[in-house]
Amino acid sequence: PAINADIKSRVQEVAQQIGYPIRQSPRVEQFERISILTSLGALNDSRSSIYAAMIEGIRSVAPRVSGKVESSITRSRTFHDQKLDASFGPRTGCIFLGVVPTAEVAADIVERGIPAVVANGVDQEYLIDSIAPANFGGARLMGRHLTGMGHSNFLYLQGIGRTTLERRFDGFRQHVESSGGRITATFGEGGSFDEALFERFTTWLKAERGDATALFCFNDGAAAWALEAVRAIGLSVPGDLSIVGFDDMPIAAMTAPPLTTFRIDWQGLGEQTIELLHQRLHQPQRPVQFLQVGGTLVPRDSVRDLNRS
């Protein structure tokens with residue numbers, strides 16, 4: 001691709017003169033445009049840094065395969081239930097960023113031959129391609145890290161009902177239970193982290209903490225919020241309660257103490273989203289793909305090593 005057309009033509013001409021076999025590469029098809037459809041809720045809460053990084057990754061490589069990249073924002077928080085307009089077709093790619101199309105919308109996309117990818121989500125009907133972090137495996141590693149430091153009784157702070165977050169909980173719970181530990185209580189009401197929720201959470205924490213020594217939160221924004229709630233009831237982190245998050249958002253390194261978390265290469269995930277979308281353009285009939293992207297556990301000071309106590 002870096003060789004200009006004139007030089008390429010001259011090289012091929014000489015190769016033909018001397019009888020060198022030339023492999024003809026297939027023509028690289030381009031998108032007419034790629035549309036990124038994301039959620040207003042995602043851009044307005046603690047996940048905004050994640051989606052900003054993913055969009056940066058998407059936009060960094062999209063020009064290689066498309067003449068135009070556009071974005072639009074929907075009020076949908078979890079599921080997108082509006083069919084794509086008539087301007088979409090087999091040469092117009094669509095990325096659902098943080099929202100998942102309903103089964104009806106996904107079926108319409110397949111029928112119209114629109115290349116589409118759910119990014120940071122999973123199409124549970126397996127009608128269109130999806131790409132997401134290894135939520136189950138990453139949360140299992142978080143559980144292994146905590147049990148390895150002597151923790152066996154846990155609290156869990158869960159988020160809105162997204163499949164990706166459910167997978168985090170499942171992975172964490174599987175390891176904890178298989179190692180003889182238990183999750184003694186779970187808090188999860190959804191909604192914004194406002195003062196009313198803060199009060200309910202601190203009340204729950206006082207009542208449900210029991211002998212739990214660690215709190216696993218569904219992401220770093222929630223973990224930073226929980227850290228302040230723990231302090232508000234007079235407990236220390238990690239002295240009285242260890243706290244961990246997930247995603248390695250910028251806030252994870254800004255709290256005091258900094259949060260142990262699981263790092264995702266969100267920009268890289270955005271770049272791979274374009275690769276997955278481009279593959280669908282070339283191979284519209286191939287089986288639906290679900291790609292999971294790994295990550296790295298990042299230990300910081302928010303976890304107490306009970307083995308040294």
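Helices (H or I, at least four residues) and strands (E, at least two) are DSSP runs, numbered from the N terminus. In this predicted model, Ile 3 is found in the segment before helix H1, which spans 5–17.

- Asp 6 and Arg 10 both belong to helix H1 and sit four residues apart, about one turn of the helix.
- A salt bridge links Asp 6 to Arg 10, with 3.5 Å between the closest N and O atoms.
- The whole structure contains twelve salt bridges.

**Packing of H5 and H6**
- Helix H5 covers residues 135–148 and helix H6 covers residues 163–178.
- Their axes are 7 Å apart, and the helices pack at an angle of about 35°.
- The two helices make a right-handed crossing.
- On the H5 side, the residues in contact include Phe 136, Ala 139, Arg 140 and Met 142.
- On the H6 side, they include Arg 167, Arg 168, Asp 170 and Phe 172.
- Sorted by class, the contact between H5 and H6 comprises five nonpolar, seven polar and five charged residues.

**Surroundings of Gly 159**
- Gly 159 lies in the loop that runs between strand E8 (153–157) and H6.
- Leaving aside residues up to four places away in sequence, Gly 159 touches Leu 165 and Phe 218.
- Gly 159 and Ser 192 are 33 residues apart along the chain, and their C-alpha atoms are separated by 10.0 Å.

Note on methods
Residues numbered from 1 in each chain as written. Predicted model: local features only at pLDDT ≥ 70, side-chain atom pairs only at ≥ 80, totals over all residues. Heavy atoms only, no water. Axes fitted to C-alpha atoms, helices over the stretch in contact; angles between N-to-C directions. Left-handed = near helix turned anticlockwise from the far one by under 90°. Contact = heavy atoms within 4.5 Å. Nonpolar A, V, L, I, M, F, W, Y, C, P; charged D, E, K, R; others polar. Salt bridge = Lys/Arg side-chain N within 4 Å of Asp/Glu carboxyl O.
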